[in-house]
Every structure is written in structure tokens, then in C-alpha cells.
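Colleague: I have a model open and would like to go through it piece by piece. Please take my questions one at a time.

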Amino acid sequence: MHATAEILTQHGIRPSLQRTTVLRFLRSVKTHPTVDEIYQALLPENPSLSRTTVYNTLELLCGHGLVSTLDFGEGFLRYDAVHTPHCHFKCSGCGRVFDIMTAPPDGLGVLPEGFVLKAVQLKFLGLCKKCSRNEKAK
């Protein structure tokens, strides 16, 4: 069985062609794509694929912890399949989102008694290397 199908099965998800295709794509890119970007990327090789199928697949994958969402206040969500500890940096110049491969900083606070931390999302906003160079050149 293909590795992506095995991952889905291990998480209690039936590994349909659409589900394995979406998860395989997300695990292969570092661009933090939107539903529409995923749909557009997969459509040429999957002409029967619909946006609704992509959306529903992403909801399923998120619900089983295989994919996480990123909300930068853009009016849409971005999706990430990287599970190693990391932060995100969004460039306000080009709009790209980069992984910053570091663990979240310690000392974020003490949780009240009985609270259980499941995830931390730390987002940075600024200019990427290319955009900062372009801004300095102006």
C-alpha cells in the first residue's frame, strides 16, 4: 500500500483517490496553499475533481489531525501538513508564507489548572529576503 494511503488508514480514514491525492500534494509542497490553489494544482491530472471535494477532504484531514489551517486574516484559510514544530512567517510584500523551523519559544505562560495544550501557532509578519532587498533598492 502507498505510504499516503497507509497514513490515512492509520488515522481511520478510507484512502480514496481524492483523499490520497490531496494529502500527497500537501505533504509535497511548502507553499501553504488555499483550497483554490490545491484545486487548481490537482485539476489537470484529476479532471473530475471538484472544489467541494477538495474542501471536504481538507476538513476531514484537519479533523483527524493530519493537516492544520493557517489564518492570516486574508479571508481564506491556508493549509499545512508539516507536523514538526515550526512557526510561520508571512511576507507583507509578496504574500508568501514561509516555515520557520524552530520550536515555539518557552515561557508562553502558564495554563490555568485543568487546561491541556494541544497546539501552538506562532505567526510572524514582515518582509522576506527578496522583498526587503527590493524595498531597500527603491
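Colleague: In which loop does methionine 101 lie?
Modeller: Helices (H or I, at least four residues) and strands (E, at least two) are DSSP runs, numbered from the N terminus. On that numbering, methionine 101 lies in the loop between β4 (97–100) and β5 (123–126).

Colleague: Before we go on, what kind of model is this, and how are residues numbered?
Modeller: This is a predicted model, in which local features need pLDDT of at least 70, side-chain atom pairs count only at pLDDT 80 or more, and totals for chains, interfaces and linings use all residues. Side-chain values use heavy atoms, with hydrogens and water left out, and residues are numbered from 1 along each chain as its sequence is written.

Colleague: Is methionine 101 buried or exposed?
Modeller: Buried means under 20% relative accessible area, exposed over 50%, and partly exposed in between (1.4 Å probe, protein chains only). Methionine 101 has 51% relative accessibility, so it counts as exposed.

Colleague: Which residues is methionine 101 in contact with, leaving aside neighbours within four places in sequence?
Modeller: Contact means heavy atoms within 4.5 Å. Glutamine 10 is 91 residues away from methionine 101 along the chain, and their C-alpha atoms are separated by 26 Å. With sequence neighbours within four places set aside, the contacts of methionine 101 are Val82, Thr84, Pro85 and His86.

Colleague: What pattern does the chain follow along the sequence?
Modeller: The secondary structure comes to 5 helices and 5 strands. The C-alpha trace spans about 50 × 45 × 25 Å along its principal axes. Read along the sequence, the order is α-α-α-α-β-β-β-β-β-α.

Colleague: What percentage of the chain do buried residues make up?
Modeller: Among contacts between residues at least 6 apart in sequence, 44% join residues at least 24 apart. The chain has 138 residues, and the buried share of them is 33%.

Colleague: Around α1, what arc do the buried residues cover?
Modeller: The residues in question are Thr4, Ala5, Ile7 and Leu8. What covers them includes α2 and α4. They sit on the same side of α1, because their arc around the axis is only 160 degrees.

Colleague: Is histidine 32 buried or exposed?
Modeller: Histidine 32 is found in the loop between α2 and α3. Its phi is near 55 degrees, a positive value in a residue other than glycine. With a relative accessible area of 2%, histidine 32 is buried.

Colleague: What is the volume of the largest cavity?
Modeller: On a 1 Å grid over the protein atoms alone, a cavity is a set of points where a 1.4 Å probe fits but cannot get out, and a pocket is an open set with protein on both sides within 12 Å along at least five of seven lines; lining residues have an atom within 4 Å of a point. Grid points are joined across faces, edges and corners, and a volume is the space filled by probe spheres set on the points. The structure holds 1 cavity of 30 Å³ or more, and residues lining the largest cavity include His32, Tyr79 and Asp99. The volume of the largest cavity is about 40 Å³.

Colleague: Which residues are the closest to the centre of the largest pocket?
Modeller: The largest pocket has a volume of about 350 Å³. Of the 18 residues that line it, the closest to the centre are His83, His86, Ala119, Val120 and Gln121.

Key: Arc of directions from axis to C-beta.
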